[in-house]
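Please open the model in your viewer and keep a selection panel at hand.

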Amino acid sequence: LGCDLAVSVYQENHLEGASQKDLWHRGIKRLCDEMPSKILASVYTTDQITSCAAWVSLCITLSDKAFIWLGEDTHCPEQCLSISDLVTAEYPIDLIRTSIGRGVFTPIGDGRIRFAHDSYKDYLAAYGLTKFVPPQHWQPLMLTSDRSGVVPRREGIAVWLAAHNKAFLDDLCAIQPEILLASADAVQIVGTEDLCTALLDRADSISYLQRRDTVIEGNLLRLQSDGAADVVKNRLLDETASIDTLELAIDIAKACHFVECADVLEDIAVDVRRPPRLRVESVAALKTFKNIDSKARIKALLPIDPRDDPDDELRGAVLSCCWPGHIPLDELIQHLSIPQKANFWGQYKMFLEYDLPSSLASVITVSNAPVLLKWALNHVMGNDPFDCLGDVARTIYGCCWQWATTLDITDLLADGYLNALSAHGVPFVQQTYHGNNKPPCFLSKEDFILIRFQVETNLCYNGAW
């Protein structure tokens, strides 16, 4: 539901203690009460319209159609249900037309009507199942033929059904607990400790891409509790646990900010016998913890032998974890080098592209600028699209132009200025590549115009010009 709609329903109906299911029902009813234009008052109540919308959604779902067709039945497209297919004694054609004109539906301009959002369809289909289909028939409609999981396109419906029926909830928790994370009600009913255990038991059947899906990764925070923290820590200490189980446990610890697991994550991160991917994920989790001792121990991993870290993943994770609070600038630049794989996007590239440039302005001072500029001189001319060090170097120069009249900084700025002038004929590099939404400029034209007189005056004064 839209933010404005959800907030208004919450405030006007005093739903501070309401369940997610109740809040959604109020919101859907509000949408069913919305009319696209000023027309005569409906002869049907909001409850009747909401019930009819649920019937329409159920029919569309069970027939595997996507749209409602407003035209002649003989011209009904393959992926549509005609209005006549939906008519029953309880839901006459006038009620159906009234319902599909409300806020949960939207026309697409060619005689077809669809739900304004898939989440509306899922909720209403589940509501329709509770009204029209006995619970003993839900499993055949929702699960795959071998009963090993929910039909993917009906997962959203199944989650809402679980909030309506405890027996169906228990069935889902046993075969596919990860989809229950999408429902705050289901998490509360099952219990964070039991759901966390069920997820970790099933970790080997959940792929990496599935774990990164918003349904799982975006809702792991709902497991936050002392009981779940104990479950995660015990699983991390389990020497027989699989890599997939340990990775999911690390994901949960990171999302829920389980600082109780910091010592275990440190042990994994520094253990060279552990799989590299597991060490990287442990360091990434520790980054979110405000634990000075942990980060000091992680920093001790530097320098990392490139042969042991061919993708620079561990180096990137360690630098990101410890920067800027635990690595001084002069030490940081000792660990910056060209990525071993130019086209590999991972922890090190993300650090060079985002973490480091976004923080430089706040840590560069007039006293440490000369050290950084000396390092940047070796990289500032790099203009390859994948040259992250070149971007970092140009960011350093951009930050240091404010001290262009400071004598020891002026010479370093002049070196870079003259190098750019010699190599490119202009004191800035403008590439056509925009992969990161910003051209790799040594100087922007505007910056150059603003500071040129200051720089030229100072260069002439020092004899460098």
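Colour the protein chain by secondary structure, which comes to 25 helices and 4 strands; helices (H or I, at least four residues) and strands (E, at least two) are DSSP runs, numbered from the N terminus. This is a predicted model, in which local features need pLDDT of at least 70 and side-chain atom pairs count only at pLDDT 80 or more, while totals for chains, interfaces and linings use all residues. Residues are numbered from 1 along each chain as its sequence is written, and side-chain values use heavy atoms, with hydrogens and water left out.

Stay with the whole chain and show its surface. Of its 465 residues, 46% count as buried, where buried means under 20% relative accessible area, exposed over 50%, and partly exposed in between, with a 1.4 Å probe and protein chains only. The accessible surface comes to about 22900 Å², of which 52% belongs to carbon and sulfur atoms; these areas come from the Shrake-Rupley method with a 1.4 Å probe, and for residues only the protein chains shown count as cover. Among contacts with a separation of 6 or more, 61% are between residues 24 or more positions apart, a contact being heavy atoms within 4.5 Å.

Next, select the strands 67-69, 105-107 and 112-115. E1 (67-69) and E4 (112-115) run antiparallel and are joined by 2 bridges, with Trp69 standing opposite Arg112. E3 (105-107) also pairs with E4 in the antiparallel sense, over 3 bridges, and here Thr106 has Arg114 as its bridge partner; two strands pair if DSSP finds at least two bridges between them. In the hairpin of E3 and E4, 4 residues lie between the strands, and Gly109 takes a positive phi near 90°.

Now select helix H8 (155-164). Of its 10 residues, 7 are buried, namely Ile157, Ala158, Val159, Trp160, Leu161, Ala162 and Ala163. These buried residues pack against H2, H3 (46-62), H6, H7 (138-142), H9 (166-175) and H10 (184-190).

A pocket is an open set of points on a 1 Å grid over the protein atoms alone, where a 1.4 Å probe fits, with protein on both sides within 12 Å along at least five of seven lines, and lining residues have an atom within 4 Å of a point. Among the 20 lining residues, select Val159, Ile179, Ala182, Val215 and Asn219, which lie nearest the centre.

Which residues are closest to the centre of the largest pocket? This pocket holds about 860 Å³, and of its 37 lining residues the closest to the centre are Val280, Glu281, Glu313, Ala317 and Gln347. Helices H15 (243-256), H17 (276-287), H19 (313-322) and H21 (347-363) each supply at least two residues of the lining, with H17 giving the most, 8 residues. The lining divides into 20 nonpolar, 4 polar and 13 charged residues, where Ala, Val, Leu, Ile, Met, Phe, Trp, Tyr, Cys and Pro count as nonpolar, Asp, Glu, Lys and Arg as charged, and the others, Gly among them, as polar.

Finally, select Tyr417 in helix H24 (407-424). Tyr417 counts as buried because its relative accessibility is 6%.

Technical notes. Grid points are joined across faces, edges and corners, and a volume is the space filled by probe spheres set on the points.
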